[in-house]
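Welcome! Open your viewer, keep the sequence beside it, and follow the stops below.

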Amino acid sequence: MKLASLKHGRDGRLVVVSNDLHWYTDAFLIAPTLQAALDDWERCAPRLAALAESLEHDAVPKGRFHEREADAPLPRAYQWADGSAYVNHVELVRKARGAEMPESFWTDPLMYQGGSDTMLAPRDPIPLADEAWGCDCEGEIVVVTDDVPQGVSREEALSHIKLVGLVNDVSLRNLIPAELAKGFGFVQSKPASALSPVLVTPESLGENFRDGKLHGPLLVSINGQPFGRADAGVDMTFCFGTLIAHLAKTRSLGAGSIIGSGTVSNRDADGGPGRPVSDGGLGYSCIAEVRMVETILKGKPETPFLKAGDQVRIEMLDERGRSIFGAIEQTVA
């Protein structure tokens, strides 16, 4: 089952989308918004699944689904918490600045609390007031939960994952060092993030979603050129069950909580830093990572951060080459 929100008011209008992303049918008789459906998921999910089945059999009124008309599936979310499940990425960050990585980073996830009062639509521009801030894209996987009780185990946490999607977790890299130096985390350096056009139930993803991980290459392109092809299911140190359990250790989570994987990152086949796609490697899911590799190998970064007019596209395809979640496609403005 694939769900989306068309632009309508502040919280969108819930629709069910066909598996090929070509068609949609309104779900307002079941729930007016996706948040309303998540608040009452036990009742709404079976009815939404039945509506999705009817849409596939052309048995309900339908309209053409255009990704440019889609809002973020959750235009306002009660919670957005982003982990750093790909420790390879963290290790490169620290290595590039000559810092040792604590051994605990392999056993205890990093996580920050992001702003979720505004989640950007998949075709919304990336607003950038000053190019000196160092604007970067970050291709990630997200899951959305129902109500999660405090103290949930990893195994129990997996059962609370109701939807899966993609996010562009925009970062302003040159603002990060001063914020971290205060010892209190990200605020200005983490502007609004953009969600994929649709979110998909884990069951509909089949074997692509297993062991709390989404498997498959995450396709990141910048200005039409392949930039990243890292497999989201590889080198993911902490699965989503672990991330959710980490977040819920001292508090319960409300339905509609969005949890991110952190930047998808793969090691090279020889165990070293990833290589660019142009050199036969899997590339990178953010600019900072290639800049780290350049610093390690060449002594200084060469790839510039995003500037006005640059375009970013993030997508994942199934085995038949069809888009699973639709594409996040944004221009820096």
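Start by selecting Gln311 and Thr331: Gln311 stands opposite Thr331, which is in E20. Now show the whole of strand E19, residues 311-315; four bridges join E19 to E20, and the two run antiparallel. Strands here are DSSP runs labelled E of at least two residues, helices are runs labelled H or I of at least four residues, and both are numbered from the N terminus. Two strands pair if DSSP finds at least two bridges between them.

Before you go on, two notes about what is on your screen. This is a predicted model, in which local features need pLDDT of at least 70 and side-chain atom pairs count only at pLDDT 80 or more, while totals for chains, interfaces and linings use all residues. Residues are numbered from 1 along each chain as its sequence is written, and side-chain values use heavy atoms, with hydrogens and water left out.

In what order do its four strands lie? The order is E17-E16-E19-E20, in an open sheet with antiparallel pairing. At the edges you will find E17 (225-228) and E20 (328-331), each pairing on one side only.

Now move to helix H8, residues 287-298. Its 12 residues reach 16 Å from the first C-alpha to the last, close to the 16 Å expected at 1.5 Å a residue (the expected span is 1.5 Å times one less than the number of residues). Colour the buried residues of H8, which include Ile287, Val290 and Val293; buried means under 20% relative accessible area, exposed over 50%, and partly exposed in between, using a 1.4 Å probe and protein chains only. Just after H8, click on Gly299, which takes a positive phi of about 90°.

Select Cys137 and Cys286 next. The whole structure has zero disulfides. Cys137 is buried, at 0% relative accessibility, and Cys286 is buried too, with a relative accessible area of 0%.

Finish at Ile141. Along with Val164, Phe240, Met316 and Phe325, Ile141 is among the residues with the most contacts inside the largest nonpolar core, which has 70 residues. Such a core is a set of buried Ala, Val, Leu, Ile, Met, Phe, Trp, Tyr and Cys residues joined through side-chain atoms within 4.5 Å. Apart from this core lies another, of 32 residues, including Met1, Leu14, Ala37 and Tyr112.

Note on methods. Disulfide = S-S within 2.5 Å.
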